[in-house]
Amino acid sequence: MPKVLVSDSIDQVGIDILSQVAQVDVKTNLPPEELTKIIPEYDALMIRSGTRVTAEVIEAGTQLKIIGRAGVGVDNVDVPAATRRGILVVNSPEGNTVAAAEHAVAMMLSLSRYVPDANQSVKAGKWDRKSFTGVEVYKKTLGIVGLGKIGSHVSSIGRAMGMRLLAFDPYLSTERAEQMGCQLVELDFLLRESDYITLHMPKTPETYHLINAEALDKMKPTARIVNCARGGIIDEAALFDALKQGKIAGAALDVYEQEPLQEDSALRSLGKELILTPHLGASTEEAQVNVAIDVAEQIRDVLLGLPARSAVNIPGLRPDVMEKLRPYLQLAETLGNLVSQLAGGRIEEFNIRLQGDLATNESQPIVIAALKGLLSHALQERVNYVNASIEAKERGIHVVETRDATVKDYTGSLLLTATGPLGTHSVTGALLGDNEIRITSIDEFPINVPPNRYMLFTLHRDMPGIIGKIGSLLGSFNVNIASMQVGRKIIRGDAVMVLSLDDPLPEGILNEITKEPGIRDAYTITLPE
Ligand SMILES: NC(=O)C1=CN([C@@H]2O[C@H](COP(=O)(O)OP(=O)(O)OC[C@H]3O[C@@H](n4cnc5c(N)ncnc54)[C@H](O)[C@@H]3O)[C@@H](O)[C@H]2O)C=CC1
Ligand SMILES: O=C(O)C(=O)COP(=O)(O)O
């Protein structure tokens, strides 16, 4: 049974899902060296923002197949290191959107009405109404930096509260921003115009310290800023100075450059102009159930050999598209494996032609699946959907992808051509009826056979007696033939024979076969079970 380590606290519903297929160990607050020490035992790791999955942890995780982040941000995972090792990283892109957006709005309103400090004051026995006169958000300008899932939800709440909405997002169209009732502007304009600024972008080299002393200087003295995105987007030292000197009216932080926030952080010394929460954006009952289910299901599926729906390090796919592509991924992988064996394994050139309905832009995962199949004979389980493209590139395989929507013999078909030590070979395949895989041509000879674990292909002269000879030769080696088919273009020209065998071909038999008069070549193929 596979083993899953859950190293941050996640909802029980996630543990229950994982327990269907794995032994689940929950060990939270592990020191980094302890995590590195125990990770070799585990097939999967499930985390939140508390665990740092460094390159060292990934190197040590020799059994690791998947890292599941029960939330959005994966900045605590060394994703490139995971990709190089072929480890899938998945997250829950939408499970906590509402929770994070509502927390940002709660921060904005708390800042406006000093709710946290007023509460503390009453609990301390006082009745001070004067110190806590606030401001309204109605008719004020809200500047949203990062108008993605969370930013968009904040925009709809802002609109409902009667706010004017500005947005800065370098990767979003003006049209999309307008659909959400936001005016897309430059950051500089947003900083100068907004009464409230809320940050909702990922932490990247580009966004690190985006809100620095210079940016804070541009803000109005009455402005308030909220960061429920990531620590490090705001320069904390510059924010401290700006608040201390009254350059801005307030700030609310849920996330910090270093988490947990250092006990002696100067930020803790500020008054009601600064609100601090301990990374609570995703901490609602609903969000925790959502993300736990979302990520646990993906880990379960991957451990069962199925694809994940929200992989961070392979192209993202909508679930309905994935559902449609799934049988074709298997087809592509099988054909990739087959053509690589025909061409002799060490492939130099690989051409994949997506035909008919597959000639769309959404079929990129099919190319990856074909590469996985192509490399799997050489790399076995070391190659997967995550690292197949990188492995192909590192091996210097020249990959060419073409599309032809005019091929109509099947709904969708694939033509793979590989060049290796045994020359250039091609194979075509399609799906029949109930998604059954059919090999529909080999080296341009038409056939129609399902793939089989053990197969023998021969290229021979189409003449009487050949088929019988091979049959009796295999019989003399005690190899049972399950099915046989011949494909030819012209009578008595060249032909291919495809034999599905119940047993692997014994050593040396290929030599015997190729010695037969009329047989030009013979290839033995073993496909995964
Ligand atoms: N405090 C918390 O507990 C939580 C924090 N988060 C954080 O919230 C952030 C946003 O999450 P989502 O909305 O789900 O992500 P998303 O991917 O839907 O949206 C991010 C948006 O930021 C934009 N963006 C990228 N670079 C930018 C830049 N330089 N300047 C301005 N915009 C830029 C993108 O174009 C995108 O529209 C993430 O950093 C995530 O980690 C998410 C959930 C909970
Ligand atoms: O989903 C995110 O990006 C978050 O920041 C939430 O973090 P958490 O899962 O609460 O540690």
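User: Of the 27 residues around ligand 1, which come nearest?

Analyst: This is a predicted model, in which local features need pLDDT of at least 70, side-chain atom pairs count only at pLDDT 80 or more, and totals for chains, interfaces and linings use all residues. Residues are numbered from 1 along each chain as its sequence is written, chains are lettered from A and ligands numbered from 1 in the order in which they are written, and side-chain values use heavy atoms, with hydrogens and water left out. A residue counts as near a molecule or strand if one of its heavy atoms lies within 4 Å of it. Of the 27 residues around ligand 1, those that come nearest are Lys149, Ile150, Asp169, Met201 and Asp254.

User: Thanks! What percentage of the accessible area of ligand 1 does the protein cover?

Analyst: Let's go through the polar contacts (N or O pairs within 3.5 Å). Oxygen atoms of ligand 1 lie 3.4 Å from a backbone N or O atom of glycine 148, 3.0 Å from a polar backbone atom of methionine 201, and 3.3 Å from a polar side-chain atom of arginine 230. On its own, ligand 1 has 860 Å² of accessible area (Shrake-Rupley method, 1.4 Å probe). The protein's share of cover is 89%.

User: How many residues in the shell around ligand 1 are charged?

Analyst: The classes count Ala, Val, Leu, Ile, Met, Phe, Trp, Tyr, Cys and Pro as nonpolar, Asp, Glu, Lys and Arg as charged, and the others, Gly among them, as polar. The shell has 14 nonpolar and eight polar residues. The number of charged residues is five.

User: And for ligand 2, what percentage of its exposed area does the protein bury?

Analyst: The residues surrounding ligand 2 include Ser49, Asn96 and Ala282, and the shell divides into three nonpolar, five polar and three charged. Polar side-chain atoms of arginine 48, arginine 230 and histidine 279 each lie 2.7 Å from an oxygen atom of ligand 2. Taken alone, ligand 2 exposes 320 Å², and the part buried by the protein is 90%.

User: In the four-stranded sheet, which residue of strand 22 stands opposite phenylalanine 457?

Analyst: That open sheet is antiparallel, in the order 20-21-19-22, with strand 20 (481-488) and strand 22 (519-526) at its edges. The twist averages 15 degrees from one strand to the next. Strand 19 (residues 454-461) and strand 22 pair over seven antiparallel bridges. Opposite phenylalanine 457 stands tyrosine 523.

Key
Polar contact = N/O pair within 3.5 Å; in protein donor to acceptor, adjacent residues only side chain to side chain. Pairing = 2+ DSSP bridges. Helix = DSSP H or I, 4+ residues; strand = E, 2+ residues; numbered from the N terminus. Axes fitted to C-alpha atoms, helices over the stretch in contact; angles between N-to-C directions.
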